[in-house]
Amino acid sequence: VQLQASGGGLVQAGGSLRLSCVVSGRTFSRSTMGWFRQAPGKEREFVGAIRWSGGSTRYADFVKGRFTISRDNAKNTMYLQMNSLKPEDTAVYYCAADKFGATITSALSTSRSYDYWGQGTQVTVSS
């Protein structure tokens with residue numbers, strides 16, 4: 001199983017980016033998917049997650065109203081639309097998936113809940 005994150009880049013504060021995460025090697029339609037990020041010198045932190053149906057999402061408080069997660073199961077792809085970006089959003093963004101979609105809601109923000117990880121894509125927001 002491979003997860004490939006892409007779409008990162010350099011953007012000015014207030015701008016937008018859309019990240020993509022393509023899953024290959026297995027069908028992921030039942031998996032819960034998540035986005036995490038890690039800034040230099042900081043621990044990896046939860047950004048958001050989406051259930052297999054796409055109808056249920058959860059976000060970290062610091063991205064609510066600015067970021068939106070979606071998925072296209074037919075394309076084995078998850079997206080992270082990031083608007084109103086701030087310099088503090090600068091980080092490497094990672095996508096992740098669990099095996100069977102069994103992660104309970106309270107554990108969605110925990111990196112240990114996810115079995116597969118992408119390599120990360122750099123997002124840099126300039127002030």
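Which hand does the disulfide of cysteine 21 and cysteine 95 have, and what is the torsion about its S-S bond?

## About the model

This is a predicted model, where local features need pLDDT of at least 70, side-chain atom pairs count only at pLDDT 80 or more, and totals for chains, interfaces and linings use all residues. Residues are numbered from 1 along each chain as its sequence is written, and side-chain values use heavy atoms, with hydrogens and water left out.

## The disulfide

Let's answer that opening question: the torsion is about 70°, so the disulfide of cysteine 21 and cysteine 95 is right-handed. Cysteine 21 sits in strand S3 (residues 17-24) and cysteine 95 in strand S9 (residues 91-97), so the pair ties together parts 74 residues apart in sequence. Strands here are DSSP runs (E, at least two residues), numbered from the N terminus.

The two sulfur atoms are 2.2 Å apart, and a disulfide needs a pair of cysteine sulfur atoms within 2.5 Å. Cysteine 21 has 0% relative accessibility, so it counts as buried; cysteine 95 is also at 0% and buried. Buried means under 20% relative accessible area (1.4 Å probe, protein chains only).

## The aromatic rings

There are four aromatic pairs, meaning rings of Phe, Tyr and Trp (its six-membered ring) with centres within 6.5 Å; edge-to-face means planes over 60 degrees apart. One of them joins phenylalanine 36 and phenylalanine 46 edge-to-face, 5.6 Å centre to centre with 70° between the planes.

Ring pairs link Phe36, Phe46, Tyr114 and Trp117 into a cluster.

Note on methods:
Helices (H or I, at least four residues) and strands (E, at least two) are DSSP runs, numbered from the N terminus. Buried means under 20% relative accessible area, exposed over 50%, partly exposed in between (1.4 Å probe, protein chains only). Rings of Phe, Tyr and Trp (its six-membered ring) pair if their centres lie within 6.5 Å; planes under 30 degrees apart count as stacked, over 60 as edge-to-face and the rest as tilted.
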